[in-house]
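Please open the structure in your viewer and keep the sequence panel beside it. The tour below moves from one selection to the next and says what is there at each stop.

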Amino acid sequence: MYTQSLDLPGQPQHGPTSANADQAARQAAFDARIAEDAKIEPMDWMPEAYRKTLVRQISQHAHSEIIGMQPEGNWISRAPSLKRKAILLAKVQDEGGHGLYLYSAAETLDASRDALLDGLHSGRAKYSSIFNYPTLTWADVGVIGWLVDGAAIMNQIPLCRCSYGPYARAMIRICKEESFHQRQGFDALLSMMRGTEAQRAMVQDAVDRWWFPVLMMFGPPDAASTNSTQTMAWGIKRISNDDLRQKFVDATVEQARVLGVTLPDPGLVWNDERGHYDYSPLDWEEFWRVINGDGPCNRERLATRVKAHEDGAWVREAALAHAEKRARRASPAKAA
Ligand SMILES: [Fe+2]
Ligand SMILES: [Fe+2]
């Protein structure tokens, strides 16, 4: 998933700032491209605010992908069968790959990967609130696939049409992989629901714990989402947070029925007039608490990420040394 459009302070300023005739022409060309739904590419001129918004959104998305490896990575060594272990390994590797595509997309906007990672490791940058909840049982892994990846798909399909070319193209491949993630989660849960009473109770317990945090993945309500109007005008965001949330609720009710689980919201009822399911108000205080660092697992997630980065220092050093050696071989005179 994982684009909650939250502010990431401290990004450096780049690009043109003077309001001259040249800039007016460039702005007009940019506006025309947006109006005709054409893609903006890395070498094209773009307004500074557009660039900064994309860097913030793409990097939050990348951070969410790599932090999102942790809750499920926790279960790789405890998967109940060889088949489930192989599937989970592939899925967690996919999430790492999604992070890498997205950091690369952010780098095309003149953002350095070191600076982005520093934002994450220092706690300044945000990532999706959902990954700060614990995975207590094997059923949680299935529910993450079904609901968390399911919500991610809902959020990310419109991003395949995002106005910024590298982000849109990364999302096409990511969405294909998210679709596999969602299906493997549903399949794992279906097996458990066809199993013992204890397995069914485990699935229901996991659904009860994840349902509301998953609905919060779509971000704050439209009325409180300050950046949305501009990001929609720029063709970055295509569908509002509340509309995406509603689409997700409507799609998921039928899937829950097939599985045989109860979604834990007594307010979840079909509204004939609206042609949608109604659902109970969400606890936005909890959302902001978790986003701002005080969820059940925030400290653990960040500490694990920082340790992984530090433990990987030798890989970065070796890669740099190898690149320097190759450069020296390619042009010995210059290197000397
Ligand atoms: Fe992903
Ligand atoms: Fe995924």
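The stops that follow go through helices, loops, salt bridges, cysteines and a surface patch.

This is a predicted model, in which local features need pLDDT of at least 70 and side-chain atom pairs count only at pLDDT 80 or more, while totals for chains, interfaces and linings use all residues. Residues are numbered from 1 along each chain as its sequence is written, chains are lettered from A and ligands numbered from 1 in the order in which they are written, and side-chain values use heavy atoms, with hydrogens and water left out.

**Two loop residues with positive phi**

Start by selecting Asp37, which sits in the loop between helix H1 (21–35) and H2; helices here are DSSP runs of H or I with at least four residues, and strands are E runs of at least two, numbered from the N terminus. The phi angle of Asp37 is near 65°, a positive value in a residue that is not glycine. Asp37 counts as partly exposed because its relative accessibility is 47%, given that buried means under 20% relative accessible area, exposed means over 50%, and partly exposed lies in between (1.4 Å probe, protein chains only).

Next, select Asp110, in the loop between helix H4 (82–107) and helix H5 (113–121). Asp110 is also not a glycine, and its phi is positive, at about 70°.

**Buried positions and their distances**

Move to Ala62 in helix H2 (residues 48–67), which counts as buried because its relative accessible area is 0%. If you draw a C-alpha to C-alpha distance from Ala62 to Pro42, the two are 18 Å apart in space and 20 residues apart in sequence.

Gly96, in helix H4, is buried as well, with 12% relative accessibility.

Thr135 takes you to the loop between H5 and helix H6 (138–156), where a relative accessibility of 6% makes Thr135 buried. Between Thr135 and Leu302 there are 16 Å in space, C-alpha to C-alpha, for a separation of 167 residues in sequence.

**Salt bridges**

Side chains of opposite charge can pair when their charged atoms come close. A salt bridge is taken here as a side-chain nitrogen of Lys or Arg within 4 Å of a carboxyl oxygen of Asp or Glu, and the structure holds 19 of them.

Which side chain meets that of Lys91 in a salt bridge? Select Glu72: the N to O distance is 2.6 Å. The pair links distant parts of the chain, since Lys91 belongs to helix H4 and Glu72 to helix H3 (residues 69–73), 19 residues apart. Both of these residues are buried.

Now go to helix H10 (residues 241–259), where Asp242 and Arg245 are three residues apart and therefore separated by about one helical turn. Their side chains form a salt bridge with an N to O distance of 2.7 Å. Asp242 is partly exposed, at 25% relative accessibility, whereas Arg245 is buried, at 1%.

**Cysteines**

With a disulfide defined as a pair of cysteine sulfur atoms within 2.5 Å, the count comes to zero. Cys160 is in no disulfide, and the nearest cysteine sulfur, that of Cys175, lies 3.8 Å away. Select Cys297 as well, which counts as buried because its relative accessibility is 6%.

**A positive surface patch**

End with Lys325, Arg326, Arg328 and Arg329, which form a positive surface patch. Patches are made of residues with over 30% relative accessible area and no salt bridge, joining like charges within 9 Å and nonpolar side chains (Val, Leu, Ile, Met, Phe, Trp, Tyr) within 5 Å. Within this group, Arg326 lies in helix H13 (residues 313–330), and its 54% relative accessibility is why Arg326 counts as exposed.

Note on methods: Areas by Shrake-Rupley, 256 points an atom, 1.4 Å probe, with all protein chains shown as cover. Lys, Arg positive; Asp, Glu negative; His and termini not counted. Charge placed at Lys NZ, Arg CZ, Asp CG, Glu CD.
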